Amino acid sequence: MTKPIVALVGRPNVGKSTLFNRLVGEKMAIVDEVPGTTRDRLLGSAEWCGVAFDVVDTGGIDPSEGGTAPLSVGSADYIKQIRFQAELAIHDADVVLFITDAESGVTPADQEVANILRRNQKKTAQGVHPPVLLVVNKADNKSLREQALVFYELGLGEPYPISAVHGTQTGDLLDTVVALFPKEDAGDDTESIKIAIVGKPNAGKSSLLNRLVGEERAIVSPIPGTTRDAVDTQIIYNDLPITLIDTAGIRRRGKIIPGIEKYSVIRAMRAIERADVALLVVEATTGITAQDAHITGYILESWKSAVILVNKWDLVEKDSYTMPDFEKRIRNELKFIDYAPILFISAKTGQRVDQVLPLALRVQEERILRLTTSQINRILQNAQDEHPAPSHAGRALKMYYGTQVRSDPPTFMIYVNDPKLGHFSYERYLLNCIRKQHPFLGTPIRLVFKSRRDS
């Protein structure tokens, strides 16, 4: 099951980023007194009472056309984009926290944000989705907590007065949030191999999906962000059931909002979490962008296998050095996922598209590969013989034996004298030694050092 998502929305400078930082336990969001500091959505992981979930911090929804001077940065389009990303977060979230400011009281902007939230809610068999909790932040004393009652006029139910800075009453709020999460869907298909198609807007994800399934399943348009909703497509390939998860999905042409796809990070995250293998589609005409690197980071953090597809290869002027030079650039810019195979394709012409699924299935086979304990210990012994672990404060890491404790992804437990002596550089060396013997194509490998005394 994918983790539930909690979206923090509200007008600028009500403390969304401060609450975000408290929930995820680290200062990921920039906190500033200037309204509008958080301009793009941030996503972090949190946990409460043993329940893991993701938190999304959005830029403030400013219902005015022009916004305040610090927010507008010269154009109303900037305000529109902040509003769009917040509306997307509302669309994707399981629970929405509408953040207001106890010190300011109810403002016209709060009223407008409340209207936006109501417009984006839908009635379902389980109730209204997504549920919205009205959070009155900066209620740092008893007087301000009592004044929170005036927020009833927003018509969104009981106000929850908190202080994000001091953590006051955030526990009670989280108890309510966790209780509102949807129950696990036991009917989710677990038999098929799940392959997610991810990448930045206009990289050709929908065109690739259509080529793979052999029909016009997803609408294709040259306008970035044409398609927004994730769509699963079931196919049978060489007698194997496969679920293709398209993070672009289907969206009617008449509903296109320029720039809105830029903020569809949540869909990529959810697709990656559900997948066994992620197909990262990058655009040959632009090369690796910051957004490509961010999505690759999500794949790595989720411990998923990956294939890098360089699409629109038909549009690149080529000579005998073009492909190796391009691959070298990718390896340099995405060096943290250097084990992922690279395939140059054209979804438009069909060039090498017939190699995509065979390569993805090969990567999936590597993902579930298990090594015997004797194989692992042979690799570890040879690694120590060739390059002993460096000493620290007169002590060196000693490896006694190792075993593979799970696959999907491959995870190796290595019993040592002291796990604190396992420097990351020596861990990388051991990973390279394992890959020399068994490449685990496209798949991350996890090493865990454990004290033999704790076994």
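Biologist: Hi! Which residues of helix α6 are buried?
Modeller: In α6, residues 170-179, the buried ones are T170, G171, L173, L174, V177 and V178. They cover an arc of only 155° around the axis, so they lie on the same side of α6. Buried means under 20% relative accessible area, exposed is over 50% and partly exposed is in between, with a 1.4 Å probe and protein chains only. The arc is that of the directions from the helix axis to the C-beta atoms. Helices (H or I, at least four residues) and strands (E, at least two) are DSSP runs, numbered from the N terminus.

Biologist: What kind of model is this, and how are residues numbered?
Modeller: This is a predicted model, where local features need pLDDT of at least 70, side-chain atom pairs count only at pLDDT 80 or more, and totals for chains, interfaces and linings use all residues. Residues are numbered from 1 along each chain as its sequence is written, and side-chain values use heavy atoms, leaving out hydrogens and water.

Biologist: Thanks! Is N311 buried or exposed?
Modeller: N311 is buried, at 3% relative accessible area. It is found in strand β13, residues 305-311.

Biologist: What does N311 touch?
Modeller: Not counting residues up to four places away in sequence, N311 touches A203, G204, V281, V282, E283, A284, I345, S346 and A347. Contact means heavy atoms within 4.5 Å.

Biologist: Which residues touch the most other members of the largest nonpolar core?
Modeller: F98, L117 and V310 do, in a core of 50 residues. Such a core is a set of buried Ala, Val, Leu, Ile, Met, Phe, Trp, Tyr and Cys residues joined through side-chain atoms within 4.5 Å.

Biologist: And what is V310 in contact with?
Modeller: Leaving aside neighbours within four places in sequence, V310 contacts V282, A284, F326, I330, I342, L343, F344 and I345. Another core, of 27 residues, lies apart from the largest one, and includes L279, L309, A347 and A360.

Biologist: New topic: what is the strand order in the open sheet of three strands?
Modeller: The order is β17-β18-β19, with mixed pairing. β17 (399-406) and β19 (446-451) stand at the edges with a single partner strand each, so one side of each has no neighbour in the sheet. Two strands pair if DSSP finds at least two bridges between them.

Biologist: How many bridges join β18 to β19?
Modeller: Six, and the two strands run parallel. V416 stands opposite S451 in β19.
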